[in-house]
Amino acid sequence: MSHTVIVTGGAGFIGSNLVRWILRWRDWHVVNLDALTYAGNLDNLRQVEQNPRYHFVHGRIEDARLVRQVIEQYAVGGIIHCAAESHVDRSILSAEPFIETNVRGTLVLLEAARACSIERFVHVSTDEVYGSLEPEDPPFTEESPLRPNSPYAASKAAADCLVRAFVHTYGVPAIITRCSNNYGPYQFPEKLIPLMIANALEEKPLPVYGDGQQVRDWIYVEDHCRGLIAAYEHGQVGEVYNFGGESERRNVDVVRAILRLLGKPESLIQHVADRPGHDRRYAIDCTKARQQLGWAPTVDFDQGLERTIAWYRNNQAWVNAVRSGEYRSYYRQQYGWRLSESSQGSSQEA
Ligand code: NAD
Ligand code: DAU
């Protein structure tokens, strides 16, 4: 019988790319367990919804009864846990949903994995648990201490600690992965790259936080998906693996590159009030994943950005659909004060 894996959060950005990747490159069945929050969208999976190896279950990971029922019904062998509240700015507005999904939800999944003797559990975490780097610091390794700075990062670090505890205490066969900033098709346009592309296409202002000198390490989403499968298939239980794109860029340079590729003027850039507690720099050392999983990032940033821009240009109906409803009130709340602050001259062009 073919293997069956649950992908939690399979209707989100990374989850939907991962579901498509698995169905294309493995003969497994995939059960997508997703609550369809504002970030979950079944349109992301239209290409695979008729695939007989794809199954969708609408529900929350905190629902212990449902989780166990799904594991039993589909004879699930493993779990790749992507579901989360994932946006730092939203966690600054309200941390509650982040504790509920990212901490309590992870606990429920771990309890179910333990009770149902799941063979493999990959917990999809983030480099943000390590905190922030100074320009001269070496990149984060798996040995770097956990120093989360935002409510989002704290909720992910708490979940990582639970995973570690369940491996050590109960022998749950779990692995933790920590990845840097992803970009690519189907990313919700609240995150930097899709927001800037969508705004630039409509010639709306591009809100750059503070001086725009913050640095992120960008990885194309398919490279992350390959890493997750490498960890699932070859990772050592109890180990942590970092993934990154080895493409550090200043935010303002990413935004300028988007404008250049779209042929739009830099005058669209608007420096707005900074994110409270904004981490200055993330960078990832993925030597361990390279050596122990045989994994490496393959898509270089310029090539990945061009592909991503082409996808958003060709999928403006998708963008318009996800930018309606809840998104409008979020955007108004989020950028209302940032733009009003900046018009008072509180932040400057880099
Ligand atoms: P996303 O916000 O695009 O998608 C999250 C998905 O989880 C959505 O489909 C949503 O409906 C679902 N979900 C949320 N709460 C749920 C709940 N309680 N029960 C079931 N489903 C629920 O997120 P993403 O950017 O695809 O991130 C996926 C994972 O990868 C997260 O765990 C995130 O912390 C991690 N991660 C993301 C990045 C990145 O750059 N996006 C980088 C490193 C790690
Ligand atoms: O590092 C991994 C993390 O990357 C993931 O764990 C998170 O789920 C994911 O959201 C992402 O977090 P960031 O906060 O780094 O991503 P975001 O796209 O929100 O912001 C990237 C940088 O761009 C950050 O320095 C803030 C800045 N920014 C963001 C937005 C949305 C702006 O300057 N303007 C914006 O409008």
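Reader: Let's start with Glu 190: which side chain does it meet in a salt bridge?
Author: A salt bridge here is a side-chain nitrogen of Lys or Arg within 4 Å of a carboxyl oxygen of Asp or Glu. For Glu 190 the N to O distance is 2.7 Å. The pair links distant parts of the chain, 100 residues apart, with Glu 190 in the loop between strand 7 (181–183) and helix 6 (192–201) and its partner in helix 3. That partner is Arg 90.

Reader: Before we go on, what pLDDT must side-chain atom pairs have to count?
Author: Residues are numbered from 1 along each chain as its sequence is written, while chains are lettered from A and ligands numbered from 1 in the order in which they are written. Side-chain values use heavy atoms, leaving out hydrogens and water, and since this is a predicted model, totals for chains, interfaces and linings use all residues, local features need pLDDT of at least 70, and side-chain atom pairs count only at pLDDT 80 or more.

Reader: Is Glu 190 buried or exposed?
Author: Buried means under 20% relative accessible area, exposed over 50%, and partly exposed in between (1.4 Å probe, protein chains only). Glu 190 is at 3% relative accessibility, so it counts as buried.

Reader: And which residues join Arg 90 and Glu 190 in a network of salt bridges?
Author: The structure holds 22 salt bridges. Some are linked, and the ones in the network with Arg 90 and Glu 190 bring in Lys 191 and Glu 326.

Reader: How far apart in sequence are the parts that Arg 275 and Asp 89 tie together?
Author: Their side chains meet in a salt bridge at 2.7 Å, N to O. Arg 275 lies in the loop between strand 12 (269–272) and helix 9 (287–293) and Asp 89 in helix 3 (residues 88–93), so the parts tied together are apart by 186 residues.

Reader: Are Arg 280 and Asp 211 buried or partly exposed?
Author: These two side chains also form a salt bridge, 2.7 Å from N to O. Arg 280 is in the loop between strand 12 and helix 9 and Asp 211 in the one between strand 8 (206–209) and strand 9 (215–220), so the pair ties together parts 69 residues apart. Arg 280 has 34% relative accessibility and Asp 211 has 28%, so Asp 211, like Arg 280, counts as partly exposed.

Reader: Within what arc do the buried residues of helix 2 fall?
Author: Helices (H or I, at least four residues) and strands (E, at least two) are DSSP runs, numbered from the N terminus. In helix 2 (residues 64–73), the buried ones are Leu 66, Val 67, Val 70 and Ile 71. Seen down the axis, they line one face of the helix because they fall within an arc (directions from the helix axis to the C-beta atoms) of 135 degrees.

Reader: Which exposed residues does the opposite face of helix 2 carry?
Author: The buried side packs against several elements, including strand 1 (4–8) and helix 4 (96–115), with contact meaning heavy atoms within 4.5 Å. Turned away from that side are Arg 65, Glu 72 and Gln 73.

Reader: How much of ligand 1 does the protein bury?
Author: Glu 62 has a side-chain N or O atom 2.7 Å from a nitrogen atom of ligand 1. A polar side-chain atom of Lys 156 is 2.7 Å from an oxygen atom of ligand 1. Taken alone, ligand 1 exposes 830 Å² (Shrake-Rupley method, 1.4 Å probe), and the share buried by the protein is 97%.

Key
A polar contact is a pair of N or O atoms within 3.5 Å; within protein, one must be able to donate a hydrogen and the other to accept it, and residues adjacent in sequence count only if both atoms are side-chain atoms.
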